Amino acid sequence: MYEFAYHRPATIDEAVAALEAAGDGKLLAGGQTLIPTLKQRLAAPTDLIDLGAIPDLKGIRAEGSRILVGAGTTHAEIANAAD
């Protein structure tokens, strides 16, 4: 892999700021595509912004007649949710 700066923001605002400040930043959520691409040297981002520590992107909640699923919610959490 190539050298890059690693960021682990705690809020969405911090993630946006890190992405805006990056020359060629990439967002890391699950890593299913990005990590193998980095290992094969097919991508060389200047910055890697890990979204895994942002609680606002996770969770399942009911709002009226809708169920909202956060983008960072895992398949296992969805499968085991009571809602």
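So, Arg-61, Glu-63 and Arg-66 are tied together in a network of salt bridges. By salt bridge I mean a side-chain nitrogen of Lys or Arg within 4 Å of a carboxyl oxygen of Asp or Glu. Before the details, a caveat: this is a predicted model, where local features need pLDDT of at least 70 and side-chain atom pairs count only at pLDDT 80 or more, while totals for chains, interfaces and linings use all residues. Residues are numbered from 1 along each chain as its sequence is written, and side-chain values use heavy atoms, with hydrogens and water left out.

Arg-61 bridges to Glu-63, with the closest N and O atoms 3.1 Å apart. Glu-63 also meets the side chain of Arg-66, at 3.6 Å, N to O. For the cut-offs, buried is under 20% relative accessible area, exposed is over 50%, and partly exposed is in between, with a 1.4 Å probe and protein chains only.

How many salt bridges are there in total by this rule? Four. Another one of them joins the side chains of Asp-24 and Lys-26, at 3.7 Å, N to O. Asp-24 is partly exposed at 34% relative accessibility, and Lys-26 is partly exposed at 33%.

Okay, what's the local fold around that network? Strand S4, residues 60-63, pairs with strand S5, residues 66-69, in the antiparallel sense over four bridges. Helices (H or I, at least four residues) and strands (E, at least two) are DSSP runs here, numbered from the N terminus. And two strands pair if DSSP finds at least two bridges between them. Within this pair, Ile-60 has Val-69 in S5 as its bridge partner. The S4 and S5 hairpin has two residues between the strands, and Gly-64 takes a positive phi near 65° there.

Now to the other sheet. It's an open one of three strands, ordered S1-S3-S2, with parallel pairing. S1 and S2 are at the edges with a single partner strand each, so one side of each has no neighbour in the sheet. From one strand to the next, the twist averages 20°. Then there's helix H1, residues 12-21, which packs on the sheet and touches S1, S2 and S3. The direction of H1 makes about 170° with that of S3. For the geometry, axes are lines fitted to C-alpha atoms, for helices over the stretch in contact, and angles run from 0 to 180 degrees between N-to-C directions.

Let's take the pairings one by one. S1, residues 5-7, runs parallel to S3 and is joined to S3 by three bridges. Ala-5 sits opposite Asp-47 in S3. On the other pairing, S2, residues 25-28, also runs parallel to S3, this time over four bridges. Leu-27 has Ile-49 as its partner in S3. To get from S2 to S3, the chain goes through helix H2, residues 34-39, in a right-handed β-α-β crossover. Right-handed means that, with the strands pointing away from the viewer, the path from the first strand over the helix to the second runs clockwise.

In the loop between H2 and S3 you'll find Arg-41. Arg-41 isn't a glycine, yet its phi is positive, about 60°. Arg-41 is partly exposed, with a relative accessible area of 46%.

Which side chain does Asp-50 join through a polar contact? That's Tyr-6, at 2.5 Å. Asp-50 also has a side-chain polar atom 2.9 Å from the backbone nitrogen of Gly-52. A polar contact is a pair of N or O atoms within 3.5 Å; within protein, one must be able to donate a hydrogen and the other to accept it, and residues adjacent in sequence count only if both atoms are side-chain atoms. Leaving aside neighbours within four places in sequence, Asp-50 is in contact (heavy atoms within 4.5 Å) with Tyr-6, His-7, Arg-8, Pro-9 and Leu-28. And Leu-28 is paired with Asp-50 in the sheet, as its bridge partner in S3.
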